[in-house]
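Biologist: Can we go through this model together? I would like to begin with its pocket.
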Amino acid sequence: MSDRDSDGSLDLNQLRTFLAVHRAGSITGGARLIGLSQPTVTAQLQALEKRLGQRLFERLPRGVAPTAAAAELAARIAEPLDALTAVAGRSVTTDDEPQPPVRVAGPAELLAVQALPALAPLIAHGVRLTVSSGLSEDLLAGLRAGHYDLVLSTVRPRGRTVVAEALSDEEFVLVAAPAVARRIDAARLRTEGPAALATVPLVSYAPDLPILRRYWRHVFGIRLTGEAAVIVADLRAVAGAVVAGAGISVLPRYLCAAQLDSGALVTLLDPPDPPINTGFLVRRAGTDTRTHVDLVHARLRAAARTW
């Protein structure tokens, strides 16, 4: 097999094989993605490495790790190859072939409270999931690099390499435990704003108080200054600390709905225009359609109508 086409360009089949392995993270997974045998995939990768004069993957006990040269090559070829595949209508995975796990990523709290419970019924139909959590910007970068199939993002992605659909809106609420709320002058809070909260400890997701600052700016029209008494990088833990009386915080309503219903938390304000954040379901543009990815995508879209 020649490692270049007759016009001297690199072999497109080898590039497709390389990209599949890069995205799957293993020779076996890449072979499944493109419908080739593992020896064929290995031979094509070796031929491509020989032509480029660079090692593309480090073999690990489980899977492979891309080298810097592989990361650079994947960034250069992913978009044009995906676009070519979309135009050609090529899909090598059929319903009868074993499919790799669907790689889903998003904020840990959203995955735990909303996404994974919605996806659980698919497991009985043979769908497998590999789930990752992190900050939206980092996850979107991973999606563009082929590390994920679908990303739940709390920020709107930019660029033409991904397709984003608005999934749901999350409302932010200012909450406290009932005992803490009783120490706050509710009438003064409504008339004077955050001056009524000056002595109340804050519980925050991060040191720069991102959610709290947004609420202060949107509802009170001022910039929040000060430091949090408790900082914990998990909104579920923030909710737990507030329920226990550590202070007040701002949380997505979906995350504390059960505590609000039970009375473990109360809202301190009910502004007519609360802060809202839109979540997006994001996938790469022009990628091959796989049945299980489509199933997960459709299930998330349907479940989000009730979020």
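Modeller: Helix H9 gives five residues to the lining of the largest pocket, the largest share. Helices (H or I, at least four residues) and strands (E, at least two) are DSSP runs, numbered from the N terminus. This is a predicted model: local features need pLDDT of at least 70, side-chain atom pairs count only at pLDDT 80 or more, and totals for chains, interfaces and linings use all residues. Residues are numbered from 1 along each chain as its sequence is written, and side-chain values use heavy atoms, without hydrogens and water.

Biologist: Which residues lie nearest the centre of the largest pocket?
Modeller: Those are Leu-135, Thr-154, Tyr-205, Ile-211 and Leu-235, out of 25 lining residues. Two or more lining residues come from each of H5 (108-119), H6 (136-144), strand E6 (162-176) and H9 (210-220).

Biologist: And what counts as a pocket?
Modeller: On a 1 Å grid over the protein atoms alone, a pocket is an open set of points where a 1.4 Å probe fits, with protein on both sides within 12 Å along at least five of seven lines; lining residues have an atom within 4 Å of a point.

Biologist: Change of topic: which residues of H5 are buried?
Modeller: Glu-109, Leu-110, Leu-111, Gln-114, Ala-115, Ala-118 and Leu-119 are. Buried means under 20% relative accessible area, exposed over 50%, and partly exposed in between (1.4 Å probe, protein chains only).

Biologist: Where is Ile-123?
Modeller: Ile-123 sits in the loop between H5 and E4.

Biologist: Why does Ile-123 count as partly exposed?
Modeller: Because its relative accessibility is 43%.
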